[in-house]
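User: I am new to this structure and would like to learn how to read its features one at a time. Could you take me through them slowly?

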Amino acid sequence: MKLYETLAADIASQIAQGVIREGEKIPSVRQTSQHHNLSVSTVIRAFLLLESQGLIESRPQSGYFVRRKPNVQASTVADEPPAPAAMARGATLDTSEFVLTTLRSIKQGSVPLGSPYPDPASFPWARLNQYANALGRRVGQMGMTADLPPGNPELIRQIARRHLENGLSVDAGEIIVTTGATEALNLCLQAVAPPGSVIAVESPTYYALLQAIERMRMHVVEIETDPAHGINLEALERAIVEKGVAACMVMPNFQNPLGFQMSDERKRAMVEMLARHDVPVIENDVYHELYYGDVHPTSLKNYDTRGLVLHCNSFSKTLSPANRIGWALPGRYRAQVEKLKFLNTLNTPALPQLAIAEYLKNDGYDYHLRKVRKTYAQQANIMASAVRRFFPPGTSVSTPAGGYLLWVNLPDGVRALELYARAQERGISVGAGNIFATGDAFQHCIRLNYSYPWTAEVEAAVRTLGLLAEELTNCTPRKKANL
């Protein structure tokens, strides 16, 4: 190809990919000549070729623009690439790709029953943005040192105060602010165990914990977990003795995906048992504030006297997921976690820290939480009732004590990945149980998000899921309905 043809092909490719969209101006002849180290005459020939192909048009005294397609209004031009196809049935499950595919489909309009995040409409965005805008200039004058670990002093003070209000007196000097709870969990895992270590987790468990263990070249041992009472402590102690477990990662309050809350007695027993074996435990407590009862739950940290509980938390599930502000109370591992924070990400941006600190100090966080808890508790009952109504016989559901996630056990004939694929084709996302364990123990389970308002669309989606599940069972189909 000649130089002008090559240039024309490159620009045409960018137009086809949507890098340069319809109606947008392309770089001028002079700019293109300079950037591509081509003569002006070569660029002009390329532009003329594109114009003859109907891809661009010249506007007097304005330059060249990407030509709009005939009979297509600007408002109908897609802002996003096409929705990804559903996962091929029978393909090997890649958890990261599965989660990304689900999130992309939600972004592009699928019903978000498979989302791991709460309904964004429940957060006080306007108030937080007001604080962020007002604080922006002052943060800019602070310089980089304002962001350094352990975090903003005022936010740390507010976090310590919040723990005290919830019945846990903590040393503010132990708190390390992180970029969300995920970073806190990862830093704590790095701090307590080297590569090759054995880490015990609940089964099923939050898939990000399994990914973190694998990424750090550690080995996981999954401990059976009761959907009402939590991890089997006897099985955990056997694993510690027989398999040399170096640390545990658990979620005792409103566990993702089962939704249970461990009793205070079992929490105390777990901490005491781990202390006897000198085994640290990383506590993921991100749903702590989303309880449905009259009293907030305790944490494992409440029963820790030896610094073996590394408590991880965040505001992402209750206040602002976009700001990605979390924290860790790492106990005896505080120095290692702070050093790892500095080495891994250096800092956590100061502006989100300050905005949340101002909100906690001046606004009605408790009032906001009471509204969210009431809403989630109501929607949990509605979602569970809908599943019992629309899904085939043999289906059972969890009874979450907090959070916003419902665990559904399907009849043996229904495989979660098959249901997921069929639901994706109909614009409905679900969380397949396969991603919450390393094996196939939960291939007949799905996780549903009930934080979004119960609308006709959501009800229709749950009904469709039930009909799809029924198609995959051996039971007699009920009356057919249009999907």
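Predicted model: local features only at pLDDT ≥ 70, side-chain atom pairs only at ≥ 80, totals over all residues.

User: Which domains does the domain assignment give?

Analyst: Domain bounds come from an automatic or database domain assignment. Here the assignment gives domain 1 (3-66), domain 2, which is made of 95-118 + 367-475, and domain 3 (125-363). Between domain 1 and domain 3, the C-alpha centres lie 52 Å apart.

User: What does UniProt list for residues 1-69?

Analyst: UniProt positions are given in the numbering used here, feature names are shortened, and annotations may be inferred rather than shown by experiment. For residues 1-69, an unreviewed UniProt entry lists "domain: HTH gntR-type". Helices (H or I, at least four residues) and strands (E, at least two) are DSSP runs, numbered from the N terminus; the span 1-69 is 52% helix and 12% strand, and its end C-alpha atoms lie 27 Å apart.

User: How many salt bridges does a search of the whole structure find?

Analyst: A salt bridge is a side-chain nitrogen of Lys or Arg within 4 Å of a carboxyl oxygen of Asp or Glu, and the search finds 19 of them. One of these joins Glu 418 to Arg 422, with the closest N and O atoms 3.0 Å apart; because the two residues are four apart in helix H14 (residues 416-425), about one helical turn separates Glu 418 from Arg 422. Salt bridges also link Arg 161, Arg 162, Glu 165, Glu 289, Asp 366 and Arg 373 in a network.

User: Are Lys 301 and Asp 304 buried or exposed?

Analyst: Buried means under 20% relative accessible area, exposed over 50%, and partly exposed in between (1.4 Å probe, protein chains only). Both Lys 301 and Asp 304 are buried, and their side chains meet in a salt bridge at 3.9 Å, N to O. Glu 425 and Arg 426 also form a salt bridge, with the closest N and O atoms 3.9 Å apart, but Glu 425 is exposed at 53% and Arg 426 is partly exposed at 36%.

User: Why does Ser 33 count as buried?

Analyst: Ser 33, which lies in helix H2 (residues 29-36), counts as buried because its relative accessibility is 13%. Contact means heavy atoms within 4.5 Å; leaving aside neighbours within four places in sequence, Ser 33 is in contact with Leu 38, Ser 39, Val 40 and Val 43.

Conventions:
Residues numbered from 1 in each chain as written. Heavy atoms only, no water.
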